[in-house]
Amino acid sequence: METSRTKNAALNHASFLERLATNRMIASIKDPRHIETALSLNHQLSGVFLLTGHIGVIKGYVDVFKEHQLPVFLHLEKIGGLSTDNYGLDYLAKVIKPTGIISTKTNVVKTAKKMGLLTIQRFFLVDSEGLDNISKSLLLSEPDIIEVMPARIPDMFDKVRAFTSLPIITGGLLYEPEQAEACLRHGAAAISTSKPALWKSIASTPIIQ
């Protein structure tokens, strides 16, 4: 079982990184009405972050995105009724079967990774201590990808990249395509935004190494 989970996680990781190399935009969905828009752009998006729904509907959402071969990640702190203990995450991995999860919590990321889920740890950079927090947390949780927010401090991504080679996704407080492009120039692998108008605005450009 663990070998199977490890293989699935590796395949999901490789597939998602391949999409990140060409599609630099992730649709963060806070409103179910935006699901159809995301599906219509499935060849332009690297994936979807679900920040809406509850335990009764979330599998249906996940299945729809998987049918369209669009990687889907659940932000666990935003999904109603879903426990993040071992039992809840095991149920998530075996029954709901998203590509992966997003969480701000180190212990949740560690457990989800053991369940064979691709893991994204979200960090908020509010001051200089935030950089130290990211560095220390990464040693404990070992996520596959990190998300740094807000996106309006693109020069800080260079500092984060100085101590990790993990792909960096960023979002928050983005209103114009030029703001998103500045993040990409400073080393962000992709942009996440809940604004459909921005989902198709980022050109396909190589990730800066």
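**View 1. Alanine 189 is buried, with a relative accessible area of 2%.** This is a predicted model. The cut-off for "buried" is under 20% relative accessible area. Alanine 189 has 2%, so it counts as buried. Its place is the loop between helix H8 (177-185) and strand S8 (190-193). How far is alanine 189 from leucine 51 in sequence and in space? The two are 138 residues apart in sequence, and their C-alpha atoms are 20 Å apart in space.

**View 2. Helix H8 has buried residues that pack against its neighbours.** Which residues of H8 are buried? They are Gln179, Ala180, Ala182, Cys183 and Leu184. These buried residues pack against helix H7 (155-161), strand S7 (168-171) and S8. Just after H8 comes glycine 187. Glycine 187 takes a positive phi of about 105°.

**View 3. Eight strands form a closed barrel.** The order is S1-S2-S3-S4-S5-S6-S7-S8. The pairing is parallel. Neighbouring strands of this sheet are turned against each other by 25° on average, direction ignored.

**View 4. Strands S5 and S6 pair in the parallel sense.** S5 covers residues 118-124, and S6 covers residues 145-149. How many bridges join S5 and S6? There are five bridges. Look for phenylalanine 123: its bridge partner in S6 is valine 148. Now find glutamine 121, which stands opposite isoleucine 146 in S6.

**View 5. Strand S6 is mostly covered.** Five of its five residues are buried. Which way do they point? Ile145, Glu147 and Met149 point one way from S6. Ile146 and Val148 point the other way. Residues on both sides are buried.

**View 6. Helix H5 lies across strands S4 and S5.** H5 spans residues 106-114, and S4 spans 100-103. At what angle does H5 run to S5? The angle is about 170°.

**View 7. Three residues form a nonpolar patch on the surface.** They are Ile55, Tyr91 and Val95. Together they have about 230 Å² of accessible area. Tyrosine 91 lies in helix H4 (residues 86-96). Is tyrosine 91 buried, partly exposed or exposed? Buried means under 20% relative accessible area, exposed means over 50%, and partly exposed lies in between. Tyrosine 91 has a relative accessible area of 39%, so it is partly exposed.

Notes
Residues numbered from 1 in each chain as written. Predicted model: local features only at pLDDT ≥ 70, side-chain atom pairs only at ≥ 80, totals over all residues. Heavy atoms only, no water. Pairing = 2+ DSSP bridges. Helix = DSSP H or I, 4+ residues; strand = E, 2+ residues; numbered from the N terminus. Axes fitted to C-alpha atoms, helices over the stretch in contact; angles between N-to-C directions. Contact = heavy atoms within 4.5 Å. Patch = residues over 30% accessible without salt bridge, like charges linked within 9 Å, V, L, I, M, F, W, Y side chains within 5 Å. Areas by Shrake-Rupley, 256 points an atom, 1.4 Å probe, with all protein chains shown as cover. Salt bridge = Lys/Arg side-chain N within 4 Å of Asp/Glu carboxyl O. Buried < 20%, exposed > 50% of the residue type's maximum accessible area, 1.4 Å probe, protein only.
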